[in-house]
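Here's a quick briefing to read alongside the model. Have a look at the fold first, then work through the points below.

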Amino acid sequence: MDVRWCPSHQGIEGNELADEWAKLAADEPDAHGVEWFATRNPDGTVTQRHFPLPRSLANVKRESSEKKWQDAKSWTRKMLGRTGNRKYRPSERQKPDPTVAKASKRIASRFYQFKTGHCLAGQYLSWTTRRPDATCWWCQSSTQTREHLFKNCPQWRSQQKSLWATVLKETRKLPGPTRKRRRTSITELLADERCSQAVLQFLATTDIGRTSGPPVAEDEEDAASEASEWEARDQEERAWERREEEE
């Protein structure tokens, strides 16, 4: 190990100037989040320049996203006013459902998969050729749809009863249409934020949307090839959560 002498900040022109600027930055920030730097010119005058305070990348990204939303809404209103089209109205609320946003990533992803229709249900998997038919692997019904899983599949009868009882209770005490099992489509159920917590609880207590059912291949190699990307992603997320809990 070598021990060498090096000069201190005192007396070094560059270091002295850096210290002076650091003191100005610490002493002169105003209430608007701006730092003012005073520079003395050769003729004796003083020039003040302001610079924004440093921000995180997340803050910059959020500001950019909000600006894009505002620009998109302004453009849509402008085009609708020009064409007179009354069939479409942009949403005044661009933020996601706060109840779903607070849920775990695994449950929230299943919620949105069912909401968009791109979920692990027999009808969709048959359409994407991931399964040979749309048969329900829980009860052997001829077609496994979202309506079947949320309303009629006998495998989850007790959970369905709890779901619709909670939905009816919540929609009765809050403004808006009352949601009942027979008169409510799954599209309406998943779009109604009053029902979000009940749907999340239903997904948490059942396996619908979590697995594509028992393997239909003849051997293990074929079964592995039939595994869906959602199942692989779910396994990775579970492993990641276990590692986080252990740490």
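**Cysteines, helices and surface**

C139 is partly exposed, at a relative accessible area of 25% (buried is under 20%, exposed over 50% and partly exposed in between, with a 1.4 Å probe and protein chains only). Bear in mind that this is a predicted model, where local features need pLDDT of at least 70, side-chain atom pairs count only at pLDDT 80 or more, and totals for chains, interfaces and linings use all residues. Residues are numbered from 1 along each chain as its sequence is written, and side-chain values use heavy atoms, with hydrogens and water left out.

**The cysteine pair**
- Searching the whole structure turns up zero disulfides (a disulfide being a pair of cysteine sulfur atoms within 2.5 Å).

**Overall make-up**
- You get 11 helices and two strands; these are DSSP runs numbered from the N terminus, with helices being H or I of at least four residues and strands E of at least two.
- Along the sequence, the pattern goes α-β-β-α-α-α-α-α-α-α-α-α-α.
- Of the 247 residues in the protein, 27% are buried.
- Among contacts with a separation of 6 or more, 44% come from residues 24 or more positions apart (contact means heavy atoms within 4.5 Å).
- The accessible surface is about 18,100 Å², and carbon and sulfur atoms hold 51% of that (Shrake-Rupley method, 1.4 Å probe; for residues, only the protein chains shown count as cover).

**α9 against α7**
- Helix α7 (residues 157-173) and helix α9 (residues 196-204) have axes that come within 9 Å and cross at roughly 170 degrees; axes are lines fitted to C-alpha atoms, for helices over the stretch in contact, and angles run from 0 to 180 degrees between N-to-C directions.
- That makes α7 and α9 roughly antiparallel (over 145 degrees; under 35 is roughly parallel, 65 to 115 roughly perpendicular, the rest oblique).
- Q159, Q160, L163, T166 and V167 of α7 touch A198, V199 and F202 of α9.
- This contact has five nonpolar, three polar and no charged residues (nonpolar: Ala, Val, Leu, Ile, Met, Phe, Trp, Tyr, Cys and Pro; charged: Asp, Glu, Lys and Arg; polar: the others, Gly among them).

**α9 against α4**
- Helix α4 (residues 105-116) packs with α9 at an angle of about 110 degrees, the axes being 10 Å apart, so α4 and α9 are roughly perpendicular.
- On the α4 side, I107, R110, F111 and F114 meet S196, V199, L200, L203 and A204 of α9.
- Seven nonpolar, one polar and one charged residue make up this contact.
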